[in-house]
Amino acid sequence: MARSLASNALTVFIVLLLAIASVVAWGRSQYAGTGPLETAICVVVPSGSSMSAISEDLEGQGAISNATVFRLGAEYSERANRLKAGSFVVEPGASMDEIIHVLTAGGRSTCGTEINYRIGVAKADMIVRELDPATQKYIELASFVPGAEARPDVLDNVMSQASTRFRITLAEGVTSWQVVEAVKQAEFLSGEVTAVPAEGSLAPDSYELASGSERTALLTEMERRQTAILTDLWAARQPGLPIETPLEALTLASIVEKETGVAEERPQVASVFVNRLNQRMRLQTDPTVIYGLTEGKGVLGRGLRQSELRRATPYNTYVIQGLPPTPIANPGKASILAALNPAETEYLFFVADGTGGHAFAATLSEHNRNVQAWRAIEAGRANQ
């Protein structure tokens, strides 16, 4: 009898071991194998959320086959307490292990609703958009100019959602005054701005923010990034430049920024001004004259008059020798790079060529021919 009981107990024990092994093997296959998701989804992780709640949400959306296995896998890999708040794309067929990595690795949100406040030279507009995780393309929900156009109804609903991301995108060539005035209109920011940062000191870039972020903190971060960019590029500058300080580099870069919107032209445009500085020729660039008139407070909105080209201001490079006293806008990294590493040319002149770019010349006679060609293009357009 005892031998029979021992045999039965052993049999039961073996069956249990086999069952446990089978469950473990199944769990491992569920955890590491291809997931059931057929179409990419956006998973929202609210601040303070738990892995248990997220696992239930993922199971409900069909991203995982078993919430318990997902949770146990997160605990076993010591990532259960590493959830990052945000909105993240989960790709089709993603395994549980891959999903846990997406939700705990950190970094910027990759999907969901976003309010993007774009500060440009001509205007600052706010776009409310949502990323479709399946196509990875944004769907625009609304857009408006804060302070000048009516707020869209969808804005209040989007701003109240905990998963909404906020972003400010600063374009190249915007003045510091324009940045401050635009930031004042960003209702998702807080605090007062009491001073306009130095011209040229703000880095054109994309800034992801939390709702309620301080305006002064944003401006400080813009200054920090621009300082870092300038420090690195100044250290690697071309030798022999007629530029003595980082401020002069920013000033030249801001002129390059305002003179061309064609990326590949920047080194050539910079070479024109470097060659003029080396030959002690006046820079004769219209954007500096405009800055002297507007002080960077908005866009002139018309052509320059001959009297303005002759008017003596610290920024009128038709009158003064060398660079103006400060930058005339906030240049981007590419323009700073071009100013500190200009192309090696003999160019001293350039004029629009009708394509959006410029025709460059080393001699006045060649430049005059380019000017005549441009005027012919203008006349043809006027007669259309």
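The largest pocket of this predicted model has a volume of about 1,100 Å³. A pocket is an open set of points on a 1 Å grid over the protein atoms alone, where a 1.4 Å probe fits, with protein on both sides within 12 Å along at least five of seven lines; lining residues have an atom within 4 Å of a point. Of the 38 lining residues, Glu259, Thr285, Asp286, Pro287 and Tyr318 are the closest to the pocket centre. At least two residues of the lining come from each of α8 (246–259), α9 (266–278), α10 (286–294), α11 (306–310), β8 (349–352) and α13 (364–382). Helices (H or I, at least four residues) and strands (E, at least two) are DSSP runs numbered from the N terminus. The lining comprises 20 nonpolar, eleven polar and seven charged residues.

Helix α8 also packs against helix α12 (residues 333–340), at an angle of about 115 degrees and with the axes 8 Å apart. This crossing is right-handed. In the contact (heavy atoms within 4.5 Å), α8 contributes Ala249, Leu250, Leu252, Ala253, Val256 and Glu257, and α12 contributes Ser335, Ile336, Ala339 and Leu340. Eight of these residues are nonpolar, one is polar and one is charged.

In helix α6 (residues 176–184), the buried residues are Ser176, Gln178, Val179, Val180, Ala182 and Val183; buried means under 20% relative accessible area with a 1.4 Å probe, protein chains only. Their cover includes strands β3 (112–119), β4 (124–132) and β6 (165–170), together with helix α7 (215–235).

Residues are numbered from 1 along each chain as its sequence is written, and side-chain values use heavy atoms, without hydrogens and water. Local features need pLDDT of at least 70 and side-chain atom pairs count only at pLDDT 80 or more, whereas totals for chains, interfaces and linings use all residues.

Conventions: Buried means under 20% relative accessible area, exposed over 50%, partly exposed in between (1.4 Å probe, protein chains only). Grid points are joined across faces, edges and corners, and a volume is the space filled by probe spheres set on the points. Ala, Val, Leu, Ile, Met, Phe, Trp, Tyr, Cys and Pro count as nonpolar, Asp, Glu, Lys and Arg as charged, and the others, Gly among them, as polar. Axes are lines fitted to C-alpha atoms, for helices over the stretch in contact, and angles run from 0 to 180 degrees between N-to-C directions. A crossing is left-handed if the near helix is turned anticlockwise from the far one by less than a right angle, and right-handed if clockwise.
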